[in-house]
Amino acid sequence: MQPLTHADQQRQPDKLLLITDRTSPSNRYGPYVGEILRSEGLLTYQMEDLASVNEKLLAESCVAILTRCTITPKERDLLSNYVTEGGQLILIAPQFIWQTAIGLLPLPSAILDGYVKLAIREPFSRGLPAESFQFHGISQKWTLNGATALASLYSGPAGATACAAIALHQLGKGRVITFTYDVGECVAGIRQGNPRLASSKLDDTNFSIRAGDLFGAGWLDPTKEHIPQADIHQAMLARAIEFLSPIPLPRLWYLPGMARSILLLTGDGEVAPPEDFQAEIDSVERFGGHVTIYLKEDCKISPEQEAAWRERGHDFGLHPWAGPDATIQLQRQEWARMENWFRARYGHPSRTIRSHWLQWCGYTDTARVLADIGVPMDTNYVSTPPSHGKYMVGSGRAMRFVTEAGEILPVWQQPTHLEDDVLLRVDSGYKYNPISINLSTDEGVSLCTELLTSSAEHYHTPIMMNLHPPFYPRFAGAWLDRTLEFAHAKGIPLWNAKQWMDFVAARDAVQLKITGYDWKQNKLSFCLPAADGSADLTLCVPDYHEGKRISQIKRAGTPVERTSMTIQDKNYAVIPITNGELSFEVFYEPEA
Ligand SMILES: [Zn+2]
């Protein structure tokens, strides 16, 4: 390592270094780990190719993350020397050559698509699920050889092994946290389904292939769908970074303002008359909410009517179809044509979309069609069987699609959890939709209120609803009214999909730069070079860090009032983002 200068000793290293390797086939989900960090609000990472990593770059890093790749002994030595001298390293799915450095011994076997369980006594696990949950991808089996297990590897929901899934090891003056599975591949797999099921249909209904078919054949364990499993894997990576970082790292809050959850309201309009739309809109407006309704080409909604509803804050998008025998070719051709029709008829683009029959082709082929026609958000991942209206994709958050080759597409996947005709039966006992799980209104309302409660109290993930206007006056009206009443009473915002898309885009555009951590004054400085105050974004700064607590926060030299928020058992000081160039200093004081 290079000797530190006097100036360096005052200043803590502050880079979050994300190391990827575009020459390594096993690294295809490496850049996607960057998407995970952004989603977790950890914006200050710098992505570097393995070939350009050197001692200087490492010396400037508060935490280095090596994504899954094949490295040489020389590269391993460079990274392990960095740790020995006091560096902090996260390894994702490491090779055998790491064994002595990470306190783990590899066994000659692996687990494919298994489970992990957090070590509940470790502070690392606080606020996260105590039961086992799924991972996708492959994990080498590693036994402990000096490291501490933060999570264990399970072969099944109750299939404990003696192997670690996440392990912490002290190496010299530094520490290593190893994730034995590929977090990027795992999150993509939980969210987007099994790529090997692409274009397979798993039921005998007359409908087309849906995104939900990617989750059949055991991919989703229905006993775990109450846990947003992908979001928890992300949270564990974020927690590992916060745990290792010698400096407190500011993060962006997931949701608008200080909201703990959000209910996103949508409805597929079909060919319902305007009165049915109006009945649903009236219900939403009674609770101060807004809804997005998707329109078919043969819908009965005039441009004047649509404009009047938009004037009141509602939103409309396209409900495209490619016929009963959809193929990707038909979809590409028809959706492009319908997008032109929509834009010409209503005078604005469709910012989000849901297809009639939830048609989905290939693994990410339909997402690529959306990229081609310029629609930035998809809502087709509706929780359908094998799911029961919970977290089929293990998430409520919007993330960009990633292809099997690791290409990140400019389209957000926003899951839909609750759909009327998938959950409810008509009062006579008749299933409107053959895939309906046949709940009564009471059971349907309980499902919604439980999901919203667990989101508000634990997971802080949006919940999206699809209520078809034609079903509002028939069998789903009471279900919607009671769910809205519950959410409203809990203070959960009721947004339409476009409001949410605008928020997601604004949050994604935030730039944040740490300008230094002064070791002597315990002072963290950071700036936002061009903040957008219109999007109701919130910054969270860890209130407690290595025995010190925040004593004061200054914006441009002036003390600011702060509120605090507890997120999964950890306290943060909360600062709203306002317009312009913002610079902050956060002062910490040793606890008395
Ligand atoms: Zn439809």
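Start at one residue, Arg-351. Leaving aside residues up to four places away in sequence, Arg-351 touches Gly-317, Pro-376, Met-377, Lys-498 and Met-501. Arg-351 sits in the loop between helix α10 and strand β16 (352-353). Is Arg-351 buried or exposed? Arg-351 is buried, because 22 other C-beta atoms lie within 10 Å and the cut-off for a buried residue is 20 or more. Take one of its contacts, Pro-376. Along the chain, Arg-351 and Pro-376 are 25 residues apart, yet 6.1 Å separates their C-alpha atoms.

Now step back to the whole model. The model is predicted. Its average pLDDT is 95, and 98% of the residues score at least 70. One stretch to treat with care is residues 1-9, where the pLDDT is below 50. Beyond near neighbours in sequence, residues 1-9 have 8 contacts in the model. Where pLDDT is low, the predicted coordinates should not be read in detail.

The protein is divided into domain 1 (6-195 + 229-251), domain 2 (263-506) and domain 3 (510-590). Between the C-alpha centres of domain 2 and domain 3 the distance is 36 Å.

Next, look at helix α10, which covers residues 328-346. Its 19 residues reach 26 Å from first C-alpha to last, close to the 27 Å expected. Which residues of α10 are buried? They are Gln-331, Trp-335, Met-338, Glu-339 and Phe-342. These residues cover an arc of only 110 degrees around the axis, so they lie on the same side of α10. There is a simple rule behind such patterns. An α-helix has 3.6 residues a turn, so residues three or four places apart point the same way. The buried residues of α10 pack against β14 (292-295), β15 (315-318) and α11 (365-373). Turned away from that buried side is a face with the exposed residues Gln-329, Asn-340 and Ala-344. Just after α10 comes Gly-347, with a positive phi of about 75 degrees.

Turn to Pro-274, in helix α8 (residues 274-286). Pro-274 is partly exposed, with 17 other C-beta atoms within 10 Å. Not counting residues up to four places away in sequence, Pro-274 touches Lys-300, Ile-301 and Gln-305. Pro-274 and Gln-305 are 31 residues apart in sequence and 8.3 Å apart in space, C-alpha to C-alpha.

Finish with a sheet. Four strands form an open sheet in the order β12-β25-β30-β29, with antiparallel pairing. Which strands are at the edges? They are β12 (251-252) and β29 (563-567), and each pairs on one side only. β12 pairs with β25 (residues 538-542) in the antiparallel sense over 2 bridges. Leu-252 has Leu-539 in β25 as its bridge partner.

Definitions and conventions:
Residues are numbered from 1 along each chain as its sequence is written. This is a predicted model: local features need pLDDT of at least 70, side-chain atom pairs count only at pLDDT 80 or more; totals for chains, interfaces and linings use all residues. The expected span of a helix is 1.5 Å times one less than its number of residues. A residue is buried if 20 or more other C-beta atoms lie within 10 Å of its own, exposed if 12 or fewer, and partly exposed in between; C-beta atoms are placed from the backbone. The arc is that of the directions from the helix axis to the C-beta atoms. Two residues are in contact if their C-beta atoms, placed from the backbone, lie within 7 Å. Two strands pair if DSSP finds at least two bridges between them. pLDDT is the predictor's confidence in each residue, from 0 to 100. Domain bounds come from an automatic or database domain assignment.
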